[in-house]
Amino acid sequence: MGGPAEGGFSVAFDPLDGSSIVDTNFSVGTIFGVWPGDKLIGVTGRDQVAAAMGVYGPRTTYVLALKDYPGTHEFLLLDEGKWQHVKETTEVGEGKLFSPGNLRATFDNPDYEKLISYYVKEKYTLRYTGGMVPDVNQIIVKEKGVFTNVISPTSKAKLRLLFEVAPLGLLVEKAGGYSSDGHRSVLDKEIINLDDRTQVAYGSKNEIIRFEETLYGKSRLAAEGVAVGAAA
């Protein structure tokens with residue numbers, strides 16, 4: 001990170017992602033985003049110098065990415081209280097694994113319904129817990145898959161750009177994956193208010209192309225005139 005920036009650092013964090021599934025004993029987590037200086041307004045996720053997520057499940061792990069260091073790195077908490085580096089992820093490839101959030105939006109968002117139908121038709125494996133941390137973590141650990149959380153006229157965005165979406169976006173993109181709000185990387189969205197919320201997708205390049213093309217008819221990542229999957 002190059003040492004302390006003038007003015008220090010600002011940290012935005014979600015201390016307990018997945019609070020609604022604690023009582024069912026599902027995996028939950030913590031999300032951190034670190035920005036240089038003392039401002040968290042008027043910045044973007046791409047300004048982060050680091051991001052991390054803790055995953056509290058059968059194992060306790062922390063997944064860390066630094067802006068100026070390659071890859072996204074997983075650390076495992078050992079029984080003796082020490083942390084061991086167990087994995088570096090630098091590429092997220094193709095694989096039929098999907099985590100579809102906010103499925104109620106398919107009721108009045110026909111394009112999201114079309115995307116979900118594509119996953120089912122193509123026999124993707126469903127891996128969804130209702131916790132954003134474990135569902136995004138599996139993309140990094142397994143190096144494949146897609147996570148979606150889409151809005152509709154009656155089902156508004158609930159995921160917070162500052163506290164959840166941007167930090168996880170840095171982790172996914174440093175791992176070699178991609179992110180999108182439908183039009184751009186979530187790392188390029190300016191944070192106007194601390195409580196800004198957005199829809200999001202994380203995954204491989206082709207999965208994000210499919211997401212953008214299916215919902216909006218075109219993708220910034222696609223070669224001109226080439227459609228993928230559900231948008232074809």
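Predicted model: local features only at pLDDT ≥ 70, side-chain atom pairs only at ≥ 80, totals over all residues.
Let me begin with the rings, where a search of the whole structure finds 10 aromatic pairs. One of them is formed by F13 and F32, which are stacked, with 5.7 Å from centre to centre and 20 degrees between the planes. This pair links distant parts of the chain, since F13 sits in strand β1 and F32 in strand β2, 19 residues apart. F13 counts as partly exposed because its relative accessibility is 42%, and F32, at 26%, also counts as partly exposed. Y118 and Y124 form an edge-to-face pair, at 6.1 Å centre to centre and 65 degrees between the planes, and both of these tyrosines are buried. Returning to F13 and F32, ring pairs link them with Y56, Y62 and W83 into a cluster.

Now to the charged side chains, for which the search of the whole structure finds 12 salt bridges. D14 is buried, with a relative accessible area of 6%, whereas R160, at 22%, counts as partly exposed. R160 also forms a salt bridge with E164, at 3.5 Å between the closest N and O atoms, and so D14, R160 and E164 are linked in a network of salt bridges; E164 is buried, at 7%.

Finally, R59 forms a salt bridge with E74, with 3.0 Å between the closest N and O atoms. R59 lies in the loop between β3 and β4 and E74 in strand β5, so the pair ties together parts 15 residues apart in sequence.

Notes. Residues numbered from 1 in each chain as written. Heavy atoms only, no water. Phe/Tyr/Trp six-rings, centres within 6.5 Å; stacked < 30°, edge-to-face > 60°. Helix = DSSP H or I, 4+ residues; strand = E, 2+ residues; numbered from the N terminus. Buried < 20%, exposed > 50% of the residue type's maximum accessible area, 1.4 Å probe, protein only. Salt bridge = Lys/Arg side-chain N within 4 Å of Asp/Glu carboxyl O.
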